[in-house]
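Open your viewer and get ready to select a few pieces one after another. This short tour tells you what to pick next and what you will find there.

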Amino acid sequence: MMAEPREMKENKLWHRPLIIFITVLIVVGIIALVTTAVVQNKALPKKYKYGIVLDAGSSHTAVYIYEWPAEKENNTGMVRQTHSCNVKGKGISSYAARVKEAGMSLKACMDEAKGKIPVRRHHETPVYLGATAGMRLLMKENETQSEQVLSSVADFLRGYPFMYEGARIITGQEEGAYGWITVNYLSKNFHQERSTMGALDLGGASTQITFVSQLRVESPENSLHFRLYGNDYQVYTHSFLCYGKDQALRLTLAQQLQTGDRHLSDPCFHPGYQQEKSVDRVFGSPCVSTSLSRPTYANFTLNGTGNAKLCQSNVKRIFNFSSCTWGRCSFNGVFQPPVEGKFGAFSAFFFVMNFLNLTSSSLDESKEKLEQYCSKPWDEVKQSYSAIPEKYLAEYCFSGTYILALLENGYSFTSDKWRDIKFLKKIGGSDAGWTLGYMLNLTNMIPAEAPDAPPLPHSGYVSIMVLFSLLLAALLLLLACKVFGRPTCAQNKYVI
Ligand SMILES: Nc1ncnc2c1ncn2[C@@H]1O[C@H](COP(=O)(O)OP(=O)(O)O)[C@@H](O)[C@H]1O
Ligand SMILES: [Ca+2]
């Protein structure tokens, strides 16, 4: 009895052309919406841009290639390092006496860069060369030679199909600032309200300390102000020329040679280590003060005694803690507010502390381990680490001791604050160092104000649009039911 009228009404419903038309329209609409959403969100092949920065350090030159999606230049954390190449041989400042060869020394790495970057991008790829403390020292010693070295590398780089953007000596202030920008950019600290981290960079000829200070920076030369992505930063920075680990070693040796003895018993080298060293190499550096008396002999013999405690007291002597015309100083009369927040310590800080297995040790533990390490006989050390070049191996005891003295006594990282230092080489695949920050700055990739971004990501926008369209369609259908045949619709429910 009940089946008949229902079937009749059903037939009536499906024969209504308007209902059929609306249903078809809605189905087509839904299909179109979903298709659009899927097609629109399919990953497009990205267009990349590239940049090359040469870090002409005191000990060696490295070439870095960076890559970023063309349409996202201003978003933080978008630029990444895709390749790095170590130039064979020493730093460009070592070419002072044969300047013509300085440029050619870069050939292998620059040719490699040509192969790594798509040919169609070559002409729009900027190349920057920044020279650091080795060239700063050469500039002091012999301005002509340093200019000749720079023009040799500049001429050489101009010979490539890239967009040559200059070769220059960057200041210590820039080196510190760009290192700080790099680590915070890579850690994505500039967006949101995240706190930044300080940067500690140890090279062969200079070392940099850079961090945000709540306390007023008394000395204008140590004060930087940045407005990045809509936030203001008051940054303290200082670069100590001559306090990179290679120059610091010379300073320590020169101090010890004041006794006049040709046989130097050096506690910073392993027992059994013996080497003839040139007085010229130690005193030939503009870092070694002219107030120190230069021995008359040409060579001296260095004998290791492996005593980290004695080494530490020797090393401390290269810091002058006695004169300070500011409220507070680190050393050598340089203003420094108390260290604040977390720090990233990279380049030689990392190489040395990583080799010594001290990257996650406390300050006291580090001192203990270093004492043990320094007292190891040189033969044993050589045997244990046969793969490591002797040049580095011989100096880890000194370098480790120097790093502890610099951080603890120089910058005043107490045992407590020590935990805030993270020794690192890379952040998310890109090397920590000044080069990335330098390129970001010169290509204007860090805006002062946060770029205007739509409140929703694209996929979120499309999903919400689809969802609401479906909801609207359902409502329309319901409305259609109400208008064109309420009972039919109600009964139709039972059929379904
Ligand atoms: N594997 C390593 N172990 C120890 N020290 C290293 C290692 N690789 C590089 N270094 C050292 O790191 C320092 C890098 O300094 P560099 O950038 O060339 O000089 P600067 O920044 O003062 O111009 C040098 O002292 C170099 O000897
Ligand atoms: Ca460096």
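Here is a walk through the domains, the ligand shell and some helix pairs.

**Before you start.** This is a predicted model, in which local features need pLDDT of at least 70, side-chain atom pairs count only at pLDDT 80 or more, and totals for chains, interfaces and linings use all residues. Residues are numbered from 1 along each chain as its sequence is written, while chains are lettered from A and ligands numbered from 1 in the order in which they are written.

**Stop 1: the domains.** Colour domain 1 (46–169), domain 2 (172–431) and domain 3 (466–496) separately; these bounds come from an automatic or database domain assignment. The C-alpha centres of domain 1 and domain 3 lie 68 Å apart.

**Stop 2: ligand 1.** Now select ligand 1 and its shell of 20 residues (a residue belongs if its C-beta atom, placed from the backbone, lies within 6 Å of the molecule). The closest are G57, S59, T132, G203 and G204. Where does ligand 1 lie relative to domain 1 and domain 2? Both domains give residues to the shell, so ligand 1 lies between them.

Next, show α5 (133–141), α8 (245–256) and α11 (348–355), each of which supplies at least two shell residues. (Helices are DSSP runs of H or I with at least four residues, numbered from the N terminus.) The largest share, three residues, comes from α11. By class, the shell has six nonpolar, twelve polar and two charged residues. Here Ala, Val, Leu, Ile, Met, Phe, Trp, Tyr, Cys and Pro count as nonpolar, Asp, Glu, Lys and Arg as charged, and the others, Gly among them, as polar.

**Stop 3: from α11 to α15.** (Axes are lines fitted to C-alpha atoms over the stretch in contact, with angles from 0 to 180 degrees between N-to-C directions.) The contact is made by A348, F349, V352, M353 and F355 of α11 and Y396, S399, G400 and I403 of α15; residues are in contact if their C-beta atoms, placed from the backbone, lie within 7 Å. This contact has seven nonpolar, two polar and no charged residues.

**Stop 4: α12 beside α15.** Select α12 (residues 363–375) with α15 (residues 396–410); their axes come within 10 Å and cross at roughly 155 degrees. The two are therefore roughly antiparallel (angles over 145 degrees count as such). On α12, look for contact residues including L363, S366 and K367, and on α15 for C397 and G400, among others.

**Stop 5: α7 and α17.** Finally, pick α7 (residues 172–186) and α17 (residues 434–442), whose axes come within 7 Å and cross at roughly 90 degrees. These helices are therefore roughly perpendicular to each other (65 to 115 degrees). Their contact has seven nonpolar, four polar and one charged residues.

Methods. Angles under 35 degrees count as roughly parallel, over 145 as roughly antiparallel, 65 to 115 as roughly perpendicular and the rest as oblique. Two residues are in contact if their C-beta atoms, placed from the backbone, lie within 7 Å.
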